[in-house]
Amino acid sequence: MPRMFWVVFVGMLAAWFAMNFWTAPRIEELAGGLRLLDMRFTGYSFDEAQRFLVVIGEEGVSLYLGWQLWLDMIFPPLLGAVLFMSYRRLFPGFSGLAIGTLSLTFVVVDYLENFAIAEMLRTGPDGLTPAMVLTADQWTTAKWSLALGGLVTLIVGIGLRLGIRFKRFASR
């Protein structure tokens, strides 16, 4: 892989570690152990979102809208770049370009989710509407569906690459 891949990969990991070992655990602690909305793989209901907003408190909202959101705006494009470069390497030719480009939809969906959750956080539990929650929930579940599809594609690509190498090695 080119040097640029490793620079982007390290940046992506730094953002991921900061979110998963600093901001997210702190927000979840302030929320009484409730999982962050954007980390709920299967989404959330209106009641669950409202309860989260009630218990998170001002400090939690501030951290979520501050550092957490800032890191979550940096992470998706870095992940998208890592995936794009990985797919281009694993799937030569047009297929790698197509899969890599398709993987960038994750970035757009994650941003739309971030904007929807930020709107809910700014509105607060009393101003929350079912439509706001439904929109955010749909972006959250779409993001995790795309992430799962991307992971499966990456595993298939690595498996195919290893299979090709094994066949070359075995034929020698």
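## Aromatic pairs and a helix crossing

Phe5 is buried, at 6% relative accessible area. That figure, like the rest here, comes from a predicted model.

Overall, the count comes to twelve aromatic pairs. Here are two of them:

| Pair | Centre to centre | Angle between planes | Geometry |
|---|---|---|---|
| Phe5 and Trp6 | 4.8 Å | 90° | edge-to-face |
| Phe41 and Trp144 | 4.5 Å | 85° | edge-to-face |

The Phe41 and Trp144 pair ties together distant parts of the chain, 103 residues apart. Phe41 sits in the loop between α1 (3-30) and α2, while Trp144 belongs to helix α5. Phe41 counts as exposed, at 52% relative accessibility, and Trp144 is partly exposed, at 22%.

Helix α5 (residues 130-170) also carries Lys143. Is that lysine buried or exposed? Lys143 is buried, with a relative accessible area of 4%. Setting aside neighbours within four places in sequence, Lys143 touches Asp38, Phe106, Val109, Asp110 and Glu113.

Now for how α5 packs against α2. The axes of α2 (residues 46-90) and α5 come within 12 Å and cross at roughly 30°, and the two helices are therefore roughly parallel to each other. Their crossing is left-handed. The contact of α2 with α5 involves ten nonpolar, four polar and two charged residues. On the α2 side these include Phe46, Leu83 and Tyr87, and on the α5 side they include Val133, Leu154 and Ile158.

Terms used
Residues numbered from 1 in each chain as written. Predicted model: local features only at pLDDT ≥ 70, side-chain atom pairs only at ≥ 80, totals over all residues. Heavy atoms only, no water. Helix = DSSP H or I, 4+ residues; strand = E, 2+ residues; numbered from the N terminus. Buried < 20%, exposed > 50% of the residue type's maximum accessible area, 1.4 Å probe, protein only. Contact = heavy atoms within 4.5 Å. Axes fitted to C-alpha atoms, helices over the stretch in contact; angles between N-to-C directions. Parallel < 35°, antiparallel > 145°, perpendicular 65-115°, else oblique. Left-handed = near helix turned anticlockwise from the far one by under 90°. Nonpolar A, V, L, I, M, F, W, Y, C, P; charged D, E, K, R; others polar. Phe/Tyr/Trp six-rings, centres within 6.5 Å; stacked < 30°, edge-to-face > 60°.
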